[in-house]
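Q: Please take a close look at the contact surfaces in this one, and walk me through the pairings there in one go.

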Amino acid sequence: MLRPIKHLRSIRAKRFLSTCESYFPDEPKAPILKTSTIPGPKSEQLNNELGEIFDNRATYFVSDYYNSKGNYISDADGNYLLDVYAQISSIALGYNNPELIKTAKSDEMTNALINRPALACFPSTDYATILNEGILSAAPKGMNKVWTALSGSDANETAYKAAFMYHHTKRRNGDFSAEELESVMNNELPGASDMVILSFDKGFHGRLFGSLSTTRSKAIHKLDIPAFNWPKAPFPSLKYPLNEFEAENRQEEDKCLQEFESIIKSYNGKVAAMIIEPVQSEGGDNHATPYFFQQLRKITQDNDVLMIVDEVQTGVGASGKLWAHEHFDLPSPPDMVTFSKKFQAAGFYFSNPELQPNQPYRQFNTWCGDPSKALIAKTIYQEVVKHDLVNKTASIGNYLFSNLKSLAEKYPILNLRGENFGTFIAWDCKDANERGKLLLSLRNKGINIGGCGDYSIRLRPPLVFEQKHADIFLSALEDALKEL
Amino acid sequence: MATKYFPNEPTGPKVVQFPGPISTAKKESLHKVFDSRATYFVVDYKKSIGNYIVDVDGNTFLDVYAQIASIPLGYNNPALIEVAKSDKMINAIVNRPASGNFPAEELEETIQDLLAVAPKGQNQVWSGLSGADANELAFKAAFMWYQAKKRGYATAFSTEENDSVMKNQSPGSPELAILSFERSFHGRLFASASTTCSKPIHKLDLPSFNWPKAQFPSYKYPLDKNEDANKQEDQRCLDIVEDLLKNWKCPIAALLIEPIQSEGGDNHGSSFFFQGLRDLTLKYGSLLIIDEVQTGVGATGTFWAHEHFNMSPAPDMVTFSKKFQTAGYYFHDPEIVPNVPYRQFNTWCGDPARMILGGAIGKEVKSNDLSAVCKRVGEYLYGKLEALQAKYPTYFQDLRGKDRGTFIAWSFESGATRDKFLTDMKQSGINMGSCAETSIRLRPTLVFEEKHADILLAAIEKVISGY
């Protein structure tokens, strides 16, 4: 009697085994709270010790990554939190994903770690294959080349360099002049460029000097750092819910488009490229409609301005498409798409061969990327495809959104956004103070969650976030909102 | 150590055909997706071992370039293989943390391992991802420090600063400069490229900050026969630095310099010159940043090259990358940490996988005293090169790097001869690199020993004697 039943159960279990369960059979069923507040005493103590040698003032809690699992991050006190922040949106497949562990333990990985090549001079025999089977298989529509870098800032800055060199080469028609060769060594025109990159109000594109000059999210990111005096355009402020404000929002977008066009046409100097996030993430999860992005693409093409789409935070599946800009159905692909974070590898995609400078050693550095990260990116992409994680994220996002919408009828969940945009969801709180309280209260209920902008909360779970996790999150959120 | 690490290291190079057909084909196919125009040859890293790099055609080269001076302990070093396979490494790779927000329990230990080899006088470190990144993070620290000095470390930002900075305008985005030197190389991102001054090709068509350049001494060689002239040259350059610190159109927050200008031609400066810089930066309230990206981690015979100069007090920041595999800057003044969090910040704040590797490299170098090995081998190599110089003076101009371990370079009459020499050396089984217009530089690993030096020297003499 028992045998067939057991057999039946195992079949049933198998049929209903989710991707998350297949990766993480031991994932906690719910948050586990060992201390009444987080950070707990051990976390506090370790953080104080760490503070002697590391700027620890931004620490949420000290983590135990060995014991973290799937959607749950473990801390030094043995708490397990459901993590919908996921290392500032940079964990793709959950903690300790067995497939990534396999890759990390492979001979290829060992080789990539300990024999790190100067890739452009001495590429490894398998680098083309690693790129082709991983990063390039994942390329957005219309892109077939990549330049690899090390971080989101680095990816954006190498894209800017490509943009500047592209435009100058087109204008020059031949060799560098003696005057250019001489003046550039004094950081002066004409060898140095007076072209600019245009970005948008509230955009975030990194914190090195070129990328920081395009970052416009918060003063604290920028204060005291010399910057290029580059122009910025307004990003639309849409009214929510979108379907109730279609006319107003269209007007707002048209206004921003006009201003954008007027800046690039009247700018005293050449705008080499514009950079924009599909959703302004650090700046508050600000969305614009496909119409806005389609028009931007037309205007950039008509005015010979390159379009760089910064998918550092939005890329790799969370929006319900592999690349968020694929939601926009652009009339032609962007010129460059930058990536980092969840992909672990960083860089920019492109297709126009003229975005490779006319000579070698111009877009160049010692390492030109990191094969160990390219290997991880390859596994991430292959797993995303194998388990259809993009579509799953789209559908779990819809579930999450509709439940949040219901909660918004009862509680102060303002300007809920990210409908049909996977789990890339955010909303506003009444003010920064209330946001702070809500984030803290959720953490003490076992949810690790992050803010963005001045008073918003953003959801950034990994791609293995499923309905059961959504339910736990939603119920904790409702409790926290009730207590406010 | 080479024998202990690599019992199966080849006993010499072997050139089958160079450039080989497989390498050429693979270079072309890589170029379809990744710019490979700078490729020397395509490498089989799994077969490379110790001081020998093996290409896909089965050519085996003695490697004295070592991935542009970035392989510390030879290819496939067993101690590093062990670290790469450790649980700590696997954990760091698959669970890469946003260390500023969610530091790992083991982060402190990881950082302590980097601090264990900190330059004298430094006790803090901030991690980055590359040399350019390390330098730019150091610039940011310098600018924030400079403004905090003016404003008061604990003083809040003014409304005007908060507003103007969002438009990239002063006073929030202040006009401040980093002073660097002609012929220097500090990286290729926008601010680091603004301090780089080695070759136009590194800089052309990029917007740059209009920051000043001082002159780096150009010595007459041999040093011991030109002491007076070189001292005068030091003073001439120090006077230029002082003039810029006093009179540049905006304040100079920091002075940035390599202990040996590497990409720019292996240009050396004396202890007198570096102490002079230290004194001037103190006098004018600027920070001194030493860029040890290429010179650091043992190759000059001390762990950090600037330790040869015995500067007092210690420099304010020391940047590193390359051979350390991890990148960042060391410092010691607590006010180099900005006054509030999230100012020196980014998603990852370094890469624990690379930091762990850096810690392990530091331990291997220390416990096997590989800096001393470099010193010893360097003396041997330099002596033999001096002998060759006496024999073939035209091909060994301005031999430099005495008492600087294996960090040795010399110049040719012309770029054309130099380039021919490099090609001929490859045919003889030596992978070697150039710097500046007419120089070659030796950048072997720290496990390069007398027997490797003998192979290198024999190949050099064979090639040169044919000219």
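A: A salt bridge here is a side-chain nitrogen of Lys or Arg within 4 Å of a carboxyl oxygen of Asp or Glu. By that rule, 2 salt bridges cross the interface of domain 1 of chain A and domain 2 of chain A. Arg458(A) is in a salt bridge with Glu282(A), with 2.8 Å between the closest N and O atoms. Before going on: this is a predicted model, where local features need pLDDT of at least 70 and side-chain atom pairs pLDDT 80 or more, while totals for chains, interfaces and linings use all residues. Residues count from 1 along each chain as written, chains are lettered from A and ligands numbered from 1 in written order, and side-chain values use heavy atoms, leaving out hydrogens and water.

Back to the domains. Domain 1 of chain A is 18-97 + 388-483 and domain 2 is 117-369, bounds that come from an automatic or database assignment. Their centres, taken over C-alpha atoms, sit 29 Å apart. In contact terms (heavy atoms within 4.5 Å), 27 residues of domain 1 of chain A meet 23 residues of domain 2 of chain A. That interface buries about 2,000 Å² (accessible area, 1.4 Å probe, lost on putting the two parts together, summed over both), and carbon and sulfur atoms give 58% of it. There are also 13 residue pairs in polar contact between these domains, both residues at pLDDT 80 or more. On the domain 1 side, α4 (86-89), α14 (389-410), β13 (414-417) and β17 (456-458) of chain A each bring at least two residues. By class, that side has 13 nonpolar, 10 polar and 4 charged residues.

Now for the two chains. Chain A puts 124 residues into the contact and chain B puts in 119. Together they bury about 11,200 Å², with 61% of it on carbon and sulfur atoms. Ile53(A), Phe122(A) and Asp224(A) supply 8% of the area that chain A buries against chain B, more than any other three residues. Here the rule finds 9 salt bridges across the interface of chain A and chain B. Asp107(A) and Lys85(B) pair up in a salt bridge at 3.3 Å, N to O. Polar contacts between chain A and chain B come to 60 residue pairs, both at pLDDT 80 or more. Helix α8 (residues 152-172) of chain A gives the largest share of the side of chain A that touches chain B, 9 residues. That side has 62 nonpolar, 35 polar and 27 charged residues.

Technical notes:
A polar contact is a pair of N or O atoms within 3.5 Å; within protein, one must be able to donate a hydrogen and the other to accept it, and residues adjacent in sequence count only if both atoms are side-chain atoms. Helices (H or I, at least four residues) and strands (E, at least two) are DSSP runs, numbered from the N terminus. Ala, Val, Leu, Ile, Met, Phe, Trp, Tyr, Cys and Pro count as nonpolar, Asp, Glu, Lys and Arg as charged, and the others, Gly among them, as polar.
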